[in-house]
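Please open the structure in your viewer and keep the selection tool at hand. The tour moves from one selection to the next and says what is there at each stop.

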Amino acid sequence: MAASTVNAENVKKLLEGSLLKLGFEVYTLKVGWYNSVLTTKFQLPYPNDTLAVVLLSTPDMFEQAFLPFMEEKGCQGVSDPIDQCVKHCVTSALTQNFPGQKVDVSYDYEMLPSRKPKFLAQTAAHVSGAAFYYQQSDVSDQPWANKKMFGVCVHPKLGGWFAIRALLVFQDVKMDPEELQPVPLDCVPSREARIQLLEDFNLRWQDWSYRNIITPSQTYSQKQKDYFSTSPAQRPALLRSWGLLPELDDTSSHSPEEHAQFEILGSDPAHQ
C-alpha cells in the first residue's frame with residue numbers, strides 16, 4: 001500500500017479484514033496515550049501521535065486460527081505453539097496489507113535485554129479502550145494490608161476470556177491530533193466486585209473464576225480449556241494425542257531445558 005494512502009482508519013479496516021475471521025480484535029491508540037501513564041523506562045520511542053494497534057485474541061482464536069495452524073504443521077521447534085500461531089497470523093496480515101511499511105511489532109511474551117517486557121500489554125489495552133485494567137489502586141479501603149495484588153484487564157463483553165497478544169506501531173502513520181482517547185467501559189464498578197476480581201486473579205487464577213467476574217458473551221471451548229489447563233510442559237503430549245504434533249521416538253524427546261521453556265512461556269494466566 002502506498003504511504004500516502006495509509007491512515008489509522010484504513011490500517012484498522014485492513015487488519016480487521018485479515019484477523020477478525022481468525023478470532024482477533026483490533027484496537028487503535030496513540031503512542032502518546034500509552035506513554036502518558038508510564039514512567040520513562042517503559043515508554044515507546046515514538047512521537048505522541050504515532051499510530052499503534054493492540055491485538056486481542058478472543059475465544060474463537062483457538063478453533064479459527066490455532067488448530068488449523070497446527071493441522072497445517074506450522075509449529076516448528078520448542079517455542080510456545082500459541083505464540084508461533086499468533087506471530088504467523090500477524091506476519092501474514094502485515095505482509096499482505098502493508099508491504100514496505102515500517103511496523104514495530106512487539107509480542108506479549110517478548111522481553112528486552114533488561115528483562116523488562118517489550119510493552120505493557122494491559123496498559124495498552126486500557127488506553128485503547130479495549131478493556132478496563134483493574135489495579136490495586138482502584139480499590140478503596142484495601143483489605144490486603146501490605147500484600148501486593150497484581151492487576152487484570154476485563155473485557156466489556158468477554159470478561160476475562162481473552163488475551164492481549166501484540167502491539168503494532170506503524171512508525172510513519174499518524175493519528176489525528178484532535179482524536180480523543182476512548183474510555184474503557186468500567187464493567188466491575190463496585191468495591192466488593194473489584195476485591196473479588198483481584199483475589200480471584202491473584203489467589204485462584206487456575207480455577208478460571210476471575211474470567212467470569214461479569215457474565216461473558218462467550219467463553220473458551222472445552223478443548224481450549226483442556227489445553228490451557230494442561231501443564232505447559234505437557235502440552236506437546238496433549239497436541240500429539242490430538243494428532244497435531246508428530247509422535248516422538250525415544251531419541252527425540254524434549255530435554256529438561258526444553259520442558260522448562262514450555263513451562264515459562266505458558267505459565268502466565270494473562271497469556272492464556
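In what order do the four strands of the open sheet stand? The order is β1-β2-β6-β3, with antiparallel pairing, where strands are DSSP runs of E with at least two residues, helices are runs of H or I with at least four, both being numbered from the N terminus, and two strands pair if DSSP finds at least two bridges between them. Before going further, note that this is a predicted model, in which local features need pLDDT of at least 70 and side-chain atom pairs count only at pLDDT 80 or more, while totals for chains, interfaces and linings use all residues. Residues are numbered from 1 along each chain as its sequence is written, and side-chain values use heavy atoms, with hydrogens and water left out.

Select β1 (24–30) and β3 (103–107), which stand at the edges of the sheet with a single partner strand each, so one side of each is left without a neighbour there.

Now select Phe 66 and Tyr 227. The structure holds 14 aromatic pairs, that is, rings of Phe, Tyr and Trp (its six-membered ring) with centres within 6.5 Å, called stacked if the planes are under 30 degrees apart, edge-to-face if over 60 and tilted otherwise. Phe 66 and Tyr 227 form a tilted pair, 5.4 Å centre to centre with 55° between the planes, and this pair links helix α3 (residues 60–71), which holds Phe 66, with helix α7 (residues 222–229), which holds Tyr 227, across 161 residues. Are these two residues, Phe 66 and Tyr 227, buried or exposed? Both are buried, which is to say under 20% relative accessible area, as against over 50% for exposed and in between for partly exposed (1.4 Å probe, protein chains only).

Finally, return to Phe 66, which, leaving aside neighbours within four places in sequence, is in contact with residues including Met 61, Pro 81 and Leu 239.

Conventions: Contact means heavy atoms within 4.5 Å.
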